[in-house]
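These are short notes to read alongside the model. Please keep the sequence and the 3D view open while going through the points.

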Amino acid sequence: MSDFDNPYAPASGGQMSGTVTFGDSAKPAGAPAGGVAGAADLISDTTTADFTADVIKASQDVTVLVDFWAPWCGPCKQLTPIIEKVVREANGRVRLVKLNIDDHPAIPGQMGIQSIPAVVAFSGGKPVDGFMGALPESQIREFIDKVAGPPAKSSAEEQVEQILAQSREAFTSGDVETAARGFGAILQVDQGHVGAIAGMAGCMLAAGEFDRAEKLLNAIPAEDRKDPEVAAVFKRVEMAREVAELGDPVELESRLASNPDDHEARLKFAKILNAQGYREAAADELFAIMRKDRAWEDEAARKTLLEFFEAWGPVDPATLSARRQLSSLLFS
């Protein structure tokens with residue numbers, strides 16, 4: 001839910017504000033939450049009288065999610081198992097307190113709750129954010145990360161991130177062997193680490209091991225293949241296989257020497273240069289075609305350049321430079 005659609009979103013630059021009174025009695029510390037669950041439990045029920053202790057005071061120590069629901073509410077029944085699962089998996093970053101609005105209408109009335117299910121997050125004794133409706137699990141996780149902060153990383157996770165960054169840097173600088181050792185070390189402890197899989201596949205490609213790279217990439221779940229880094233390696237595999245069928249680069253250079261307007265030879269030569277790692281030179285060959293005949297073969301040169309961008313990645317220096325040249329050429 002965007003802040004524009006969210007009636008519980010904080011005002012720009014601050015938390016939600018407002019004065020609401022909750023019940024007329026506070027329970028002593030350690031008393032059961034709503035008479036159902038212990039105060040140490042992550043999920044409990046509350047009442048109008050217990051709301052101050054269960055939510056307002058408790059939110060001074062940990063973010064509390066209040067789930068306003070009713071037995072007759074179908075979407076509430078859909079939300080309950082999902083939000084309870086996510087709260088348990090949050091490992092204490094948040095607590096969930098449920099309030100039946102049929103039995104306890106005063107508080108939702110004071111807060112202006114007009115539709116359920118409605119979930120409001122309290123922190124520091126105040127409502128800070130919320131959402132309405134039965135959201136999917138992924139969005140509830142995002143909401144909890146937003147109101148309670150992301151889960152703390154373990155030292156092992158931090159070490160993996162450090163090794164991943166070092167391995168990517170080594171690969172970029174051309175030290176494929178060091179990069180492969182780093183990616184391999186990560187995969188020994190986490191065989192499904194998408195970043196390490198993509199990195200290792202890139203190393204295999206650099207070594208000319210197309211089949212191994214492709215096999216490794218095919219183990220990545222479909223939902224993770226949209227990741228730009230993963231998609232780039234897939235594109236490089238595809239292009240590498242195509243380059244293997246393009247012919248002898250020496251022969252192509254000879255053709256170009258005798259006929260500079262042989263766009264077919266120049267396009268193939270550009271693809272070979274790219275496969276050899278000469279990205280700027282490959283882009284220059286494509287620009288040479290576009291300057292001569294931009295529409296040749298349904299703009300084949302421009303489309304090939306866009307494929308290069310996808311394989312190189314959006315922040316690669318060659319991509320940034322070629323994009324500037326392409327814009328200048330197209331809009332000159």
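1. D145 is partly exposed, with a relative accessible area of 31%. R93 is also partly exposed, at 21%. The terms work as follows: buried is under 20% relative accessible area, exposed is over 50%, and partly exposed lies in between, using a 1.4 Å probe and protein chains only.

2. Before going further, note that this is a predicted model, in which local features need pLDDT of at least 70, side-chain atom pairs count only at pLDDT 80 or more, and totals for chains, interfaces and linings use all residues. Residues are numbered from 1 along each chain as its sequence is written, and side-chain values use heavy atoms, with hydrogens and water left out.

3. D145 and R93 form a salt bridge, with the closest N and O atoms 3.0 Å apart. The pair links distant parts of the chain, 52 residues apart: D145 is in helix α4 (residues 137-148), and R93 is in the loop between α2 (74-89) and β3 (94-100). A salt bridge here is a side-chain nitrogen of Lys or Arg within 4 Å of a carboxyl oxygen of Asp or Glu. Helices (H or I, at least four residues) and strands (E, at least two) are DSSP runs, numbered from the N terminus.

4. How many salt bridges does this rule give? The count comes to 19. One of them joins the side chains of R181 and E177, at 3.3 Å from N to O. These two residues are four apart in helix α6 (residues 176-189), so about one helical turn separates them. Both R181 and E177 are exposed.

5. The side chains of R212 and E209 also meet in a salt bridge, at 2.8 Å from N to O. E209 counts as partly exposed, with 30% relative accessibility. Elsewhere, salt bridges with shared partners join K85, E89, E137 and R141 into one network.

6. Five strands form an open sheet with mixed pairing, in the order β1-β3-β2-β4-β5. β1 (43-45) and β5 stand at the edges with a single partner strand each, so one side of each has no neighbour in the sheet. Two strands pair if DSSP finds at least two bridges between them.

7. Strand β2 (residues 63-69) pairs with β3 in the parallel sense, over seven bridges. V66 stands opposite V97 in β3.

8. Strand β4 (residues 118-123) and β5 run antiparallel and are joined by six bridges. F122 has P127 in β5 as its bridge partner. The hairpin of β4 and β5 has two residues between the strands, and G124 takes a positive phi near 65° there. Is β5 mostly buried or exposed? Five of the seven residues of β5 (residues 126-132) are buried, so this strand is largely enclosed by the rest of the structure.

9. The largest pocket is lined by 36 residues, and F171, R236, R279, A311 and W312 lie nearest its centre. A pocket is found on a 1 Å grid over the protein atoms alone, as an open set of points where a 1.4 Å probe fits, with protein on both sides within 12 Å along at least five of seven lines; lining residues have an atom within 4 Å of a point.

10. Which helix supplies the largest share of the lining of the largest pocket? The answer is α9, with eight residues. Other helices supply at least two residues each, including α5 (155-172) and α7 (194-206).
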